Amino acid sequence: MAAEIPLLTPYKMGKFDLSHRVVLAPLTRTRSYGNVPQPHAILYYSQRASKGGFLIAEATGVSDTAQGYPETPGIWTKEQVEAWKPIVKAVHDKDGVFFCQLWHVGRVSNYGYQPNGQAPISSTDRPILAQTYPNGTVEEYSPPRRLRTDEIPQIVNDFRLAARNAIEAGFDGIEIHGAHGYLLEQFMKESTNDRTDEYGGSLENRCRFAIEVIEAIVNEIGADKVGIKLSPFSHSMETWDSNPEALGLYMVNALNKFGILYCHMAEPRMEIIDGKQQIPRGLLNMRKAFKGTFIAAGEYDRDDGNKAIAEGYTDLVAYGRLFLANPDLSKRFEFNAPLNNYNFFTFCTQDTVVGYTDHPFLDEPSA
């Protein structure tokens, strides 16, 4: 049966032999108390692991200035590295492939999350307006401080050390978070980069910081263990660019020079076509230009994913909300079984069970 389902066909990603193409997207779950991964994450990730399945861990801070949400994990201290080890082992015990997404939120933060109550750092000193989330939470953001040119190498080094720590924790590799309005994208996009130094102005200059991070990490752990998440079409956190296609292509061509393992890219917003929501499929030029594995993300369902794989539009498909609520998602896709519903209100609570590890499997009576 699996051979007839494109999403369930094997794929070789570098040195990793994947048994299917259903990827766990990195999902912030705000359950790492004190920025330290917790034992309940062992069950959460192992539930979603499968033999030859590819999982990307939730966004993980690279330093004490990287945080912008409650109870998110980090990987800059020895304690954090040690706490990740049993979680990684649980995925490996089920023969899964596990990457750690490295994150710095930049200006998507406030004084309360920052060391000594300092201003969040960014490409700019422009603040973000307060954001209201689906669960009704309103997040306020403090005015950021524009990084000085001479400070940027330290942030690059934070990413490098975090990558080294991830490998020490046992992860198979890392994904650089260069998407959704966070620090790297704040530098890349026009709306949030008003700099006049070598990190601002031209497309090349705006992408310089991200490329320096990629180069440092590749030199530290090897290109075969490095991926990146990009979202050139996104307007998240008030980051936008007047020519997202040019930005995406510039970054993809830069990635090719380093020979990194994969590029994980978010689709443009869903479109209404003939009265129905449809994925716009805006990544084709980037997919064609990139020489490594390409991962598409953006509200794909089973049929959309199968079609994208069958037509060669992408190599792998990342699933977020569906995988959150269906720990056995690839099995459900195999049998075209009904899916558990997800609940926005439990995405980012601190409960260790509800909305986290209590989603039933297909072979359980409650399914």
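The structure holds 23 of them.

This is a predicted model: local features need pLDDT of at least 70, side-chain atom pairs count only at pLDDT 80 or more, and totals for chains, interfaces and linings use all residues. Residues are numbered from 1 along each chain as its sequence is written, and side-chain values use heavy atoms, leaving out hydrogens and water.

**A link across the sequence**
- Lys 15 pairs with Asp 224 in a salt bridge, with the closest N and O atoms 3.6 Å apart.
- Lys 15 sits in the loop between strands S1 (11-13) and S2 (16-18), and Asp 224 in the loop between helix H5 (203-221) and strand S12 (226-230), so the pair ties together parts 209 residues apart in sequence.
- Helices (H or I, at least four residues) and strands (E, at least two) are DSSP runs, numbered from the N terminus.

**Exposed and buried pairs**
- Asp 93 and Lys 89 form a salt bridge (2.9 Å, N to O).
- They are four residues apart in helix H2 (residues 78-93), about one helical turn.
- Asp 93 is exposed, at 51% relative accessibility.
- Asp 197 and Arg 195 also meet in a salt bridge (2.8 Å, N to O).
- Asp 197 is buried at 18% relative accessibility, and Arg 195 is buried at 7%.
- Buried means under 20% relative accessible area, exposed over 50%, partly exposed in between (1.4 Å probe, protein chains only).

How values were computed
Salt bridge = Lys/Arg side-chain N within 4 Å of Asp/Glu carboxyl O.
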